[in-house]
Amino acid sequence: MKEQNIYILGIESSCDDTAASVIHNGKILSNVVATQKIHEAFGGVVPELASRAHQQNIVPVVHQALKKANISKEQLHAIAFTRGPGLMGSLLVGTSFAKSLAYGLDIPLIDVNHMQAHILAHFIDEDGFKKPPFPFLAMTISGGHTQIVRVDSYFKMTVIGETIDDAVGEAFDKSGKILGLGYPAGPEIDRRAKLGNPKAFKFTKPKVDGLNFSFSGFKTAVLYFIQREVKANPNFIAENLNDICASIQYTIIGILIDKLKLATKETGITHIAIGGGVSANSGIRQALKDGEQKFDWTTYVPKFEFTTDNAAMIAIVGYLKYLEGDFALQDVVASARLKI
Ligand code: KG4
Ligand code: ZN
């Protein structure tokens, strides 16, 4: 039976976002994220700078999350934190902070797998958003991850496909860098893609067996294409930027949809949930909607603030684990390569 009036604080610090969230039963009361702007100048996340920024942000972010939720720390029932996967220096900040707070308040500590959290974000109570039924397929697409997971229950998950090199967000960001766009380039490519012709330029899709992905070859293909064209016409990028962005996005979406088609064929499961920063992409959202008509899929896209890195997804996992009495000990350690 569902216990009532449970308040849990979730803490996320696996990459470059310091985040804290308070959940009351299944409903989010606050969801605070401090995004580290410092990495923009470097065109990617600098781990050393990320951990320093987490150290600076963590107390104010947690304070704000409690304040927005209008509760005091003494009302909390447990502290949930991201144990991994992620950058070790970043994970250590959230892990140490969560341990100390749980110890000080004498309440349970709950360790959370960041990848499971991206998937279980679909179980946050939110008006207008339906929850997927078990079993379903979850595709997690972001700057750090690209996975297809078979989800049989909250904690029975099997990775059935993943990238063997770059994540899909990196394919967007690295292509953007080649084109001279800012970091991260995903949103800008998305915006420009809407104004361009997706079939203007053709990029070959990587050939990877089964449900795995590969994006490093794609990035190289974009680089060689641009170098060749710019040699012939120095203004090539400026004159064709929207068409280039549309063609890049079209190819990436094609790669993702092809694998989803194969995954549904192999598993017989047609309920598909997506998560991670790249699920904000308007093209992928449209392609999933089209899949509902074309392939009889039922698709689930969470609220935007729960799909990029956030602590609400950590808090919901904390709540589900709390109901099962699944707590961590104080000697738990962060794990950069934690698996599902
Ligand atoms: O989940 P997230 O905030 O952080 C992690 O990487 O874990 O995802 C960030 C990634 C970046 O690669 C960014 O370019 C991409 O998500 N992204 C997008 C869009 N919005 C964010 N990619 C394509 N289209 C978008 N609209
Ligand atoms: Zn993530």
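Reply: Gladly; one place to begin is the loop between α2 and β5 (109–113), where aspartate 106 is found. Please keep in mind that this is a predicted model.

Me: What is the phi of aspartate 106, and is the residue buried or exposed?

Reply: Most residues other than glycine have a negative phi. Aspartate 106 is not a glycine, yet its phi is positive, near 60 degrees. Because exposed means over 50% relative accessible area, aspartate 106, with a relative accessibility of 70%, counts as exposed.

Me: Where is aspartate 296, and what is its relative accessibility?

Reply: Aspartate 296 sits in the loop between α8 and β10 (298–300). Its phi is positive, about 65 degrees, although the residue is not a glycine. Aspartate 296 counts as exposed, because its relative accessibility is 62%.

Me: Which residue does a cis peptide bond join to proline 85?

Reply: Most peptide bonds are trans. Proline 85 lies in the loop between β4 (78–84) and α2 (88–105). There the peptide bond is cis, with omega about -5 degrees, and the partner of proline 85 is glycine 84.

Me: What is the omega of the cis peptide bond between phenylalanine 134 and proline 135?

Reply: Proline 135 belongs to the loop between α3 (114–120) and β6 (136–141). The bond that joins phenylalanine 134 to proline 135 is cis, and its omega is about -10 degrees.

Me: How much of ligand 1 does the protein bury?

Reply: The shell around ligand 1 holds 18 residues, with Gly143, Asp173, Asp190, Gly277 and Asn281 the closest, and α4 (168–178) and α5 (186–193) each supply at least two residues of that shell. A polar backbone atom of glycine 143 is 2.8 Å from an oxygen atom of ligand 1, while a polar side-chain atom of serine 142 lies 3.3 Å from an oxygen atom of the ligand. Taken alone, ligand 1 exposes 550 Å², and the share of this that the protein buries is 88%.

Me: Which helix gives the largest share of the lining of the second largest pocket?

Reply: The second largest pocket holds about 570 Å³ of space, and of its 26 lining residues, Gln249, Tyr250, Thr251, Ile253 and Gly254 are the closest to its centre. By class, the lining has 11 nonpolar, eight polar and seven charged residues. Both α7 (236–267) and α8 (282–295) supply at least two residues of the lining, and the largest share, 10 residues, comes from α7.

Terms used: Residues are numbered from 1 along each chain as its sequence is written. Chains are lettered from A and ligands numbered from 1 in the order in which they are written. This is a predicted model: local features need pLDDT of at least 70, side-chain atom pairs count only at pLDDT 80 or more; totals for chains, interfaces and linings use all residues. Side-chain values use heavy atoms; hydrogens and water are left out. A residue is near a molecule or strand if one of its heavy atoms lies within 4 Å of it. A polar contact is a pair of N or O atoms within 3.5 Å; within protein, one must be able to donate a hydrogen and the other to accept it, and residues adjacent in sequence count only if both atoms are side-chain atoms. Accessible areas come from the Shrake-Rupley method with a 1.4 Å probe; for residues, only the protein chains shown count as cover. Helices (H or I, at least four residues) and strands (E, at least two) are DSSP runs, numbered from the N terminus. On a 1 Å grid over the protein atoms alone, a cavity is a set of points where a 1.4 Å probe fits but cannot get out, and a pocket is an open set with protein on both sides within 12 Å along at least five of seven lines; lining residues have an atom within 4 Å of a point. Grid points are joined across faces, edges and corners, and a volume is the space filled by probe spheres set on the points. Ala, Val, Leu, Ile, Met, Phe, Trp, Tyr, Cys and Pro count as nonpolar, Asp, Glu, Lys and Arg as charged, and the others, Gly among them, as polar. Buried means under 20% relative accessible area, exposed over 50%, partly exposed in between (1.4 Å probe, protein chains only).
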